[in-house]
Amino acid sequence: MPSLLNALKALITPRTAKATGDRLYAQCVAQARLPVFYLDYAIPDEIGARFELLTFHIGLVIHRLRSLDKGDSRHEQAQETAQALFDSFLLALDSTLREQGVGDLSVPKKMKKLGQVVYTRMARWETLLAGETDAQADYAARTLYAGDMLDDMKEEGEAVMDVPAAAFAAYARTAHDALHVDEIIKGRLDWLVPAALKIAAE
């Protein structure tokens with residue numbers, strides 16, 4: 001009987017994890033598309049910035065899942081869920097490239113490059129979330145704002161913390177802490193509602 005149960009578990013678990021990953025991905029997309037990010041936080045409503053914002057939110061969830069101790073009873077399921085979410089993201093990127101007309105022979109090369117960018121962003125945010133808010137704001141300015149805001153600030157002699165990037169850095173930390181592993185592995189995300197800043201760029 002135990003061998004039969006193990007066999008059934010091996011068949012069911014991957015499908016369950018994939019379904020959970022797909023649900024989490026959809027919720028990350030919905031969060032990244034909230035108008036408040038583009039209006040109040042002045043993130044450019046452009047494909048590059050939208051990609052960065054989505055990557056950030058997916059990375060936030062994955063980091064929360066992978067931060068569990070190995071001794072935690074939820075560790076294995078959390079790891080599977082994190083991988084499933086990452087796989088759903090990559091599959092969506094692959095589909096997007098094909099929808100944009102990228103040929104079958106070119107997709108693997110472009111996916112490899114995108115994968116490297118995604119990995120770099122997620123690893124960097126993971127490190128920053130454990131550090132100072134100033135560094136988080138600076139990285140937000142260099143990625144989410146595509147450097148434009150940072151360049152403007154240099155010309156005007158302003159500090160990084162005087163712009164919406166600082167508010168986004170604060171959101172990043174509180175949004176991460178508000179995520180509950182028990183809910184995530186069930187396919188539900190307790191996203192923090194970003195505060196309306198009312199300081200959007202003219």
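Mentor: Start with the largest pocket, which holds about 500 Å³ of space. A pocket is an open set of points on a 1 Å grid over the protein atoms alone, with protein on both sides within 12 Å along at least five of seven lines; lining residues have an atom within 4 Å of a point. Points are joined across faces, edges and corners, and the volume is the space filled by probe spheres set on them. This is a predicted model: local features need pLDDT of at least 70, side-chain atom pairs count only at pLDDT 80 or more, and totals for chains, interfaces and linings use all residues. Residues are numbered from 1 along each chain as its sequence is written, and side-chain values use heavy atoms, without hydrogens and water.

The pocket lining has 16 residues; Ile-47, Phe-51, Leu-54, Leu-93 and Thr-96 lie nearest the centre. Helices H1 (2–32), H3 and H4 (75–99) each supply at least two. Helices here are DSSP runs (H or I, at least four residues), numbered from the N terminus. H4 gives the largest share, five residues. By class, the lining has 12 nonpolar, two polar and two charged residues. Ala, Val, Leu, Ile, Met, Phe, Trp, Tyr, Cys and Pro count as nonpolar, Asp, Glu, Lys and Arg as charged, and the others, Gly among them, as polar.

Now the cavity, where a 1.4 Å probe fits but cannot get out. The search finds one of 30 Å³ or more. The largest cavity holds about 40 Å³. Its lining includes Phe-56, His-63 and Trp-125.
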